[in-house]
Amino acid sequence: MEAKSKTTLGLELPTDPRWTDIASMQIEDILVDHAYCEQKAASSCISLIMLYPEREKLLELLVPVVAEEWSHFERVVEQLKKRGFGLGRQRKDEYVARLNEVVRKGGSRNQQLVEKLLLNALIEARSCERFKLLHKHIADEELKKFYYELMVSEAGHYHNFIELAEEYMPKDYVKVRWNEFLEAEAAIMKSLTVRGDRMH
């Protein structure tokens, strides 16, 4: 499926420019929240593997993603330690909670799987966009390089989820549903307060 090209990976609405400035001043909070985002990304992929163990293509693509996401978690924790910060407590992720409301309940097993795959693809797309912003604008040279590497990786994960969605449902179905997810995500982004202590 060819994503829309309005912004990074087809997202309908770019991040408010204020976010980058605020996030740059709250790097400890951003790193803590980022660490938990990576942990949840790994857990989400593990959950998909446990729910759909018979899907060979899903295992082929997502088992390596689990390892990558957990490696990212370890690397973010390392960045925290280098700066004298602790991991801290997990914060409520209002963005993901709102996105979960977009997921359709019911339908066939394949439709349920596609809903989960598109949800993950969207979270990866937004993460990729935010990593790109941090890479371009943050002052810390080490973190600039770090977020560039993660931006490239998250873009790959996004494509994995879209590819899997098209494996289990027709491309036209996936395209329509993906555009609905994008529109809903844009509305959610408009409604959320710009916070520099959250990755999303």
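The lining of the largest pocket comprises ten nonpolar, nine polar and ten charged residues, where Asp, Glu, Lys and Arg count as charged, Ala, Val, Leu, Ile, Met, Phe, Trp, Tyr, Cys and Pro as nonpolar, and the others, Gly among them, as polar. The structure is a predicted model, in which local features need pLDDT of at least 70, side-chain atom pairs count only at pLDDT 80 or more, and totals for chains, interfaces and linings use all residues. Residues are numbered from 1 along each chain as its sequence is written, and side-chain values use heavy atoms, with hydrogens and water left out.

The space in the largest pocket amounts to about 530 Å³. A pocket is an open set of points on a 1 Å grid over the protein atoms alone where a 1.4 Å probe fits, with protein on both sides within 12 Å along at least five of seven lines; lining residues have an atom within 4 Å of a point. The volume is the space filled by probe spheres set on the points, which are joined across faces, edges and corners. Among the 29 lining residues, Ser-44, Val-96, Leu-119, Asn-120 and Ile-123 are closest to the centre of this pocket.

Helix H1 spans residues 17–25, and its buried residues are Trp-19, Thr-20 and Ala-23; helices are DSSP runs (H or I, at least four residues) numbered from the N terminus. Buried denotes under 20% relative accessible area and exposed over 50% (1.4 Å probe, protein chains only). On the other side of H1, Pro-17, Arg-18, Asp-21 and Met-25 are exposed.

Definitions and conventions: Helices (H or I, at least four residues) and strands (E, at least two) are DSSP runs, numbered from the N terminus.
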